[in-house]
Each structure stands twice: as structure tokens, then as C-alpha cells.
Amino acid sequence: MEYLNVCIAQLNLRVGDVKGNTDKILEVWSHEDKKAHIVVFPELSISGYPPQDLLFDRGFLKSCREELERIVKFSESLNSIAVVGVPYYDKDLFNSLVVVGKGKVFGIYHKTFLPNYSVFDEKRYFRSGNKPFILSINGVKLGFSVCEDIWHPDGWERYYALCGAEVLININASPYYVNKYRFKEGFLKARAQDNLAYVVYVNLVGAQDELVFDGRSLVIDPEGRIILRAKAFEEDVKTVSLPVSKVRSKRLMDLRLREKKVECANFEETWDQRTLEYQQAQVEESPEEEEDIYRALLLGLKDYFFKNNFKKAVLGLSGGIDSALVACLGVDALGKENVVGVFMPSAYTSQESKEYVLELSKNLGIELLIYPIDEIFETYKRTFKSSELSVAEENLQARIRANLLFYLSNKHGWLVLSTSNKSESAVGYTTIYGDMAGGFAPIKDVYKTLVYKLARYRNSIKPDIPEGLFTRPPTAELRPNQTDQDTLPPYPVLDKILELYIEEGYTFEEIVKEGFERELVKKVLEMLRKAEYKRKQAPIGTKITKRAFGSDWRMPLVNFWEK
């Protein structure tokens, strides 16, 4: 045949909703059947990703198998082939890719390389596969793999190419962090060029707990050129025609694949006699960095909120930049009618803060509730016979505010959004059961310096955040004339030290060699260590960096290591 029509079905699927996910798969497959020879869905598309300890529930696994059987039965009415992902039990449990069509299963491929780092824990659940799978459609050979398999230079791709596969199909649930897609595109281009084949990379989109899946599925030609890129952070279904003559011409002129021989296993064959219309490729542009991060945060919040069936979100508005950014995220992700702001002033709250809160809430069009906390605060002080203003009294104010927010949550079923950022939670400059409390923390993985950049980006779209918040010194306003820098180094300095240690894995001495004062680095890393107990009790929030506080970060609470 002259070309193979491949459909990438980049879908937002729900963990545990095996029937709903299957319904969606069948709907998309039916719609694309008239255009495509093969329709490819993401990793574990039937179960949703990551299913985690649902995989220990034999009833859940049984339901996944039943939905796979429903897909097989449904395929009797279609002409094309589908590739779906499913947890597949066969004497042991595998993370599997199943090729289905014409009322039968053509083959099952079990994921070979199981990631067990960062947010991944696949060796807890799955057994590694050890066999390849090749399918021929109208004489065009396709080799299949799952996610991590293609990350390894010694994966199945070279074997497939040596056995004549012209198209390499890889299904994924690859979580987002900043600029990860650039790295992925780089090595996927290398797989295409090295193997003189098309690479079809289909990724999940959506959010699950702390993870965001950014989509950006790809098709790359044998010369390493991206000929299709799906949208970022959105569902996208695209069909593209792959001229197989390009592969055959390249292989005639490039001798590398002739240098090595392998024993090729038998492969399945199927024929599609239809003459399908040629489908032009489309390459979507990826957003610039601030927009990219902002959209990741929006998707993380939106999916957590709606997939958990919340009706409204509530957050404390302090007159600071953090709560302003979270309010904008709430409005943009959930709609202004679903966001409630609460202003809870104390005797230490400035008139400036009040004006900023009123201006912000008016600009965003959200409901604003005002509950002064002075009377409650004084009642506590009388109860404890306290006349001083120590750290305990400062933190008491934050905890009073958290109590009010959770009263509203409990009363109305609202989701409390924490406004705490990564810089604060890293060094413990946040009150446990106070300002760090919440049901979801949208900017949990966002350093303070990035908060300002994202706020500036948001204002470039619509200037809802008062301009004064960009120049005002950060303050918790828990005592008179307080600023964050009374306790912390300037945020650009603090954030760089934290980033080098947390994300880049620098040692104490290596950070000092970057030009930072030894005593300052020691202080910051000691604050990081001491705040571990707080972070263990923090709400989840969207991961956007290589190493977020959550599944990425597994430090002991009792820790005697001295930096």
C-alpha cells in the first residue's frame, strides 16, 4: 500500500471508570473508523492511569477484562484496528497493550521496562514482559511498545526495525513537568532516525491527583521530523497518512540496518481493502513556558475539582500575590460562579490588603465573604491568658482562618484551595493546619519567584491582579510591620538554593561553589529538613517540576543527616 492511516486518540480518561473509559474508546473508534486503518489509544486506557492499589482488587481486574472483551465484540462492526491499554492478568499482572479488530485479539504486548522512580511504582504491581509483537496491515509492519520501553536505547525498536517494521507505535501515560516535552521530542526523533521508521507516540491527557498528563502526542518521520503534534493539555484526535515509501527509500540508501541480524518471530497479518482518503498532518505549536505552566496548573485543578464532583471552591484572600494567583487559577479553571473568596482581616491586616482584596474580587467577579477574626483571636488569648505576640499567637491567626474556611467547606461541600507555595513549604514558612491547610494546593509546586512570573503572565491576558501586588514586599501580616524577609533570604536567592538541592541534586558544597554564602546555604537546608513533618501533612497539589513534594520526595521524618 502507498500509505497507512494512523489515528492518535489523545483522551482524558478517568481512573477506575472502566465502563466510561470503554464507552469513550468505542465512540472515538467508531468515528475515526472511516478515516483510519489503525486507531491508537493511551497506556492503560481502559483502567485509567495510574490505577495504583486498585490493581490489587481482583474485582477491578475482572471488570477491566470484561470491558476488553466488549471492545473485541464491538470490533466486529468496524474495519479498522484499535490499540488499547489494559492491566492484563494472565497468571500474573502485566501493563499491556492489546491490538484488537474484526472480532478478535491480534496480539498482546506486555510492557518490558517498568519505571520505579519519581512518581512511578510499577514494579509494585506488574511483571515485566519479555516478548515483542509485530502486526502487518496491508503489508506494512508495525512494532508495538508501551511508554518507558521507548525511553531505553536498547528497547524493542531496533529489533522491530531489523525485522522490517516501518512504523513503531508507543502508547503512553507520561506525566508533565516543565520542559519535559522537549527532552521527549529529542529522543523520539533519535528513535525514528536510528531505526529509519515512523514513530507514533500517543500520550494521555488530563490530571489524576498530583499528576498532569499534557498530551502532545507525536508522529515523527524516518528523518526525525515532527509531522504531527497534538494539542497540549487538551483532548485531541487526529488521523495522519504515513507514506511507507519514505521508509523503504531511506533503508535502501542507509546501510545501518543491514549490519546486524536477529531471529524474527512470526507476526500476525490483516488486510483492509478500503481505499481511504489521504490525511494531511497537523503540527500544533507548544505554548511558551509561563503559559505552559499556567495551563498545566489549570488542568490539574480542573480535573481534580470536577472528577471529584465538587460544586464550588473556597479560598482565603489575604491581599497577597499567592492568593491572587490561586483565585485567578480558580476562576479560569472552574468558572467565576464556582469560586468564593473569603477575607479574614485581623488587627494586623493593613488597609492596603483590604483594598487589594476588594479590587481583585471585583475584577474576577467572584463572591466575597468577609469575616474579621479579631473577636475569635481575643477569645483564644483570654482562654490561654496570653498577653504577648509570640509565634504561637501569630500561627493561631492562621489556624483561625483555616477553621473558618473548613467550616464553609463542611457546611456547603466546597473544596478549600490552599494558597501555599513551594518556597514556603520547603523551609516551613507556613502554618500547619493554618495557611497550608486545604483540600487541594494549586501552587504547591510553584516557587515564589515563579508565582510572580505566572501572575504577570495572567495579567497579560486580563489585568485582574492589582498592580501593587507585584511591588509590595511579601508579608503574612501576623504582627505589625512583618515581611517574609524578616525570616527568609530574598526569594530569588532562596529559590535558587532550593532548586539546586531539590531538583538538580546538588550537594551542600556544590551549592556553596555556585556562589552562595556557606552559612546561608546551611540555614536553608536545615530549615528544609526541619519542615518535613509539615510537608507530610500537606494537601496534594499539581506537580510541575522534576521533583515535587509528594510522590517524588520521600524523606524520613526522623533524619540525623547533617548537610
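Predicted model: local features only at pLDDT ≥ 70, side-chain atom pairs only at ≥ 80, totals over all residues.
Strand 15 runs parallel to strand 6 (residues 134-137), and three bridges join the two. Ser-136 is found in strand 6, and its bridge partner in strand 15 is Glu-269. The relative accessibility of Ser-136 is 2%. Buried means under 20% relative accessible area, so Ser-136 counts as buried. Its side chain reaches the backbone nitrogen of Gly-139 at 3.4 Å. When neighbours within four places in sequence are left aside, the residues in contact with Ser-136 are Lys-141, Phe-267, Glu-268, Glu-269 and Thr-270.

Helix 7 covers residues 321-334. With 14 residues at 1.5 Å a residue, helix 7 should span 20 Å, and this agrees with its end C-alpha atoms, which are 20 Å apart. Of these 14 residues, 13 are buried, so helix 7 is largely enclosed by the rest of the structure.

Side chains of opposite charge can pair when their charged atoms come close. In this model the count comes to 43 salt bridges. One of them joins Glu-185 and Arg-229, with the closest N and O atoms 2.9 Å apart. This pair links distant parts of the chain, since Glu-185 is in helix 4 (residues 180-195) and Arg-229 is in strand 13, 44 residues apart. Both Glu-185 and Arg-229 are buried. A salt bridge also forms between the side chains of Arg-216 and Asp-214, at 3.0 Å from N to O. Arg-216 and Asp-214 are both buried.

The side chains of Lys-546 and Glu-504 meet in a salt bridge at 3.4 Å, N to O. Lys-546 lies in the segment after helix 16 (532-536), and Glu-504 lies in the loop between helix 13 (491-502) and helix 14 (508-513), so the pair ties together parts that are 42 residues apart in sequence. Lys-546 is partly exposed, with a relative accessible area of 38%, and Glu-504, at 39% relative accessibility, also counts as partly exposed. Elsewhere, salt bridges that share partners join Asp-221, Glu-223, Arg-225, Lys-246 and Lys-250 into one network.

Definitions and conventions. Residues numbered from 1 in each chain as written. Heavy atoms only, no water. Pairing = 2+ DSSP bridges. Helix = DSSP H or I, 4+ residues; strand = E, 2+ residues; numbered from the N terminus. Buried < 20%, exposed > 50% of the residue type's maximum accessible area, 1.4 Å probe, protein only. Polar contact = N/O pair within 3.5 Å; in protein donor to acceptor, adjacent residues only side chain to side chain. Contact = heavy atoms within 4.5 Å. Expected span 1.5 Å × (residues − 1). Salt bridge = Lys/Arg side-chain N within 4 Å of Asp/Glu carboxyl O.
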